[in-house]
Number of protein chains: 2
Amino acid sequence: MKMNYMDDNGTIAALATAPGCGALAIIRISGKNAFSFAERCIDPPNKFKKASHQKIKLYKITDNETRKTIDEVTAIKYESPASYTGEDMVEIICHGNEIIIEEIISILIKQGVRLAKKGEFTRRAFLNGKMDLLKAESINQIINSTNPISYNRAIEIYNGKSKNILLAWKKEIIKILAEIDARIEFPEEDDFLEEKDKNKKSIKNLLSEIEKELKIREKINVLDSGFEIPIVGITNAGKSSLFNLILGYNRTIVHHEEGTTRDVISEEIKIKAAKVKLLDTAGINETNNTVELIGIEKSWEYIKNGNLIILVTPADKEISENEKAIIKEARNGKMIAIISKKDISLFGKKKEYFKAQDIPFVEVCLRNEEERHIILDFISSHINISFNFMEQGFGIICNKRQEEIIKRTDKKIKLVLEKMDNNYDEIISNELKEILFDMEEFVGETENEEILDKIFSEFCIGK
Amino acid sequence: MKMNYMDDNGTIAALATAPGCGALAIIRISGKNAFSFAERCIDPPNKFKKASHQKIKLYKITDNETRKTIDEVTAIKYESPASYTGEDMVEIICHGNEIIIEEIISILIKQGVRLAKKGEFTRRAFLNGKMDLLKAESINQIINSTNPISYNRAIEIYNGKSKNILLAWKKEIIKILAEIDARIEFPEEDDFLEEKDKNKKSIKNLLSEIEKELKIREKINVLDSGFEIPIVGITNAGKSSLFNLILGYNRTIVHHEEGTTRDVISEEIKIKAAKVKLLDTAGINETNNTVELIGIEKSWEYIKNGNLIILVTPADKEISENEKAIIKEARNGKMIAIISKKDISLFGKKKEYFKAQDIPFVEVCLRNEEERHIILDFISSHINISFNFMEQGFGIICNKRQEEIIKRTDKKIKLVLEKMDNNYDEIISNELKEILFDMEEFVGETENEEILDKIFSEFCIGK
């Protein structure tokens, strides 16, 4: 179903703060009837009517049908165009309780307001010329950043950095294009050798910058979606003990009998600034128990696909064939090891084995809370190693749409370089023109309804 | 550690909206230096300096050390005493992202602001005479209500209902006390038979009202802390299938092998308005597997203590001895039954058994999504039966402190009634005076530092 926003001038409302329990919450109302709808539930209505632009005052919210007081609130009027959306807007600041929020919104809906769609406030702001597309998109990234790296990039985009870079790229392309088009038109003049070399160098530079941006994007994607860290190992190695120690409470039954964790149990946690999905996987062993088999199959998947693999291995046993298979399966450089039960045995050979394999490790007992920080620091340092890319570029891409455009551009630029070797000037000229279109699309100079639908449907409601 | 708030005139700050991700978030600052501290990070500071009382304006937050822009925000100045706390206050409305919130608060802290303690804003409001104690306490209840029943009570208390009731009770007691004290002073006059009867009737009425209030409180306590519903039964009855069907996604491995759910797995959900803690318990069977034994012991605990017990029992088997033991263990009237696998067998005897035992039941397959609503309605109606007390009284108690005072009063009133039968006027007079003290304590006329510490430490930070 395609939503037609252009025809939709209705007045919209939504919760604008995070859902859940807090001292306060903000409900936003926007549209040409925002004031008159709000007057029908804000009490006393005359006080609200007389309130001046951008002035916050104390009111009650009353259900006119039941005359029941819903809450004591403050509210602010914003007169068009001096508001976030550019329309008349009201912000109601109520107590931060779900029941109150639902009651207030349902009273507004009874008056004729409708619930805002995802990103509809920002979409209106964009359509009313309050901000450009890149700024609108960066707001979504600012709100949803789960780590300081992607937040810092988003703030820079909000302040216009990516637009400036794109415009510089565009300028460069226009220059080259003008030169090539001149050559096509007046082929009799010179052989343009010097110009060709210069153009090729420019295009190579551009390609290198674009490739850097795509690499940064890939890493930020992983960071944003949660860095997956499965805890793997043979049965009874101490995987659940490690899982619980990291989480800091008793989540699974930890027991000495083999094969206790049949489910893959996962928790989303923060380790330093990074969002991590920590997984307690089933122990790898030989079994004909069908339930355990399901679990073990899942474990192998995580060993193959995790972002960082933690192998837990007991100090009192030699490396088993199963463990060797795990180490082989995990790709190079993404495994770290925790040697458990060092209080029982300090079996020197295991340490030597990990050193030889170039797998970082720590030795612990997994029996006391004090080891928690050692383990967290160890894991955190290896998360950071995976994301050490601060110096590699700007980070101008902040969502899927922008990523797709830059990927398209990347391919076209490679084609241009190839054709430059063969002097296919007309093909080059066409590709460069398409690249220009891409760049205009990126900064929002050629937006259409469908693209806007896609962009704003990824926002949260209330923004 | 006792916190000394009286000496503490520091400027405080905290997030006031729910934590998590949203379009917006509010950070509150309160104290005599609120404006000057805010000026040091609000950009441009002069615009903020010139901004008038209760006027919202657009700014940036800048880290003065690094000159980095943290966010684009709006901010409101409230000049003392026209603010929530009665002090100078600033509300900063920033984008609703944890990283931004943390950065802004840490910049404020660098300037000399300190993080607010729990309930410190409301405590200051109370100490500065902006609201009475009952209103302050009701705010906490308004924010934390998890169901419409306790929220409606809290709003009424906020609007002064409990204070009015307490003052009426107090007036009644003062009248009786005056009469009894007169009798003690002038014992020679009359025999006061009529007055005695009237007083006794008044005290009995008061006792009945207080007992109603305590009963309502008990039920609201259960509602607020989450209604515990364990799903119990023999192994392989379909408990995990029911659990997953209610939750609407695959949370546990559901498998035909016996004893699959070794852990007690729980999820907090909402069934209609009620907060429910749904528990998937281990199947009751005979076992010598030590891990399962832990689980089964837990299951028996839940059968004993759950608020509503759901017995899942397969249609294709007779009632087993284990099931009979479960039914016996669950106290009267708090068990409902789900007969599973009706697609396999419609074993009539099982239905007859539940009818005879007066245990409500439904028959389902547990194989398709459509049954979800039937099951939720069935469970919901039995939750409501447990909480059908709307007509029983006002609900003037909204926290532990108030509950303890009313419990004390309850005991004293019973003692007064007892002594009335024996004409112990002096004892009665003393008890009534103590009851008066209790009532003054309830409405906050005799508050002290320690009681305030206790009350406000139960608030959330930011309120």
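Let me begin with a term: a residue is called buried when its relative accessible area is under 20%, exposed when that area is over 50%, and partly exposed in between, with a 1.4 Å probe and protein chains only. With that in hand, K341(A) is buried, at a relative accessible area of 17%.

A word on the source. The model is predicted, local features need pLDDT of at least 70, side-chain atom pairs count only at pLDDT 80 or more, and totals for chains, interfaces and linings use all residues. Residues are numbered from 1 along each chain as its sequence is written, chains are lettered from A and ligands numbered from 1 in the order in which they are written, and side-chain values use heavy atoms, with hydrogens and water left out.

I turn to chain A as a whole. Its secondary structure comes to 16 helices and 13 strands; these are DSSP runs numbered from the N terminus, helices being H or I of at least four residues and strands E of at least two. Of the 463 residues in chain A, 56% are buried. Taking contact to mean heavy atoms within 4.5 Å, 69% of the contacts in chain A between residues at least 6 apart in sequence join residues at least 24 apart. The chain exposes about 20900 Å², and carbon and sulfur atoms supply 50% of that area, as computed by the Shrake-Rupley method with a 1.4 Å probe.

Next, the backbone. Most residues other than glycine have a negative phi, and most peptide bonds are trans. K341(A), which is not a glycine, has a positive phi near 60°; this residue lies in the loop between β12 (335-340) and α12 (348-357) of chain A. R67(B) also has a positive phi, about 60°, and sits in the loop between β4 (56-63) and β5 of chain B. Is R67(B) buried or exposed? R67(B) is exposed, with a relative accessible area of 52%.

Two peptide bonds also deserve mention. D43(A) and P44(A) are joined by a cis bond with omega about 0°, and P44(A) is placed in the loop between β3 (42-43) and α2 (45-50). In chain B, the bond from S80(B) to P81(B) is cis, with omega near 0°; P81(B) belongs to the loop between β5 (68-78) and β6 (89-96).

Finally, the two chains together.
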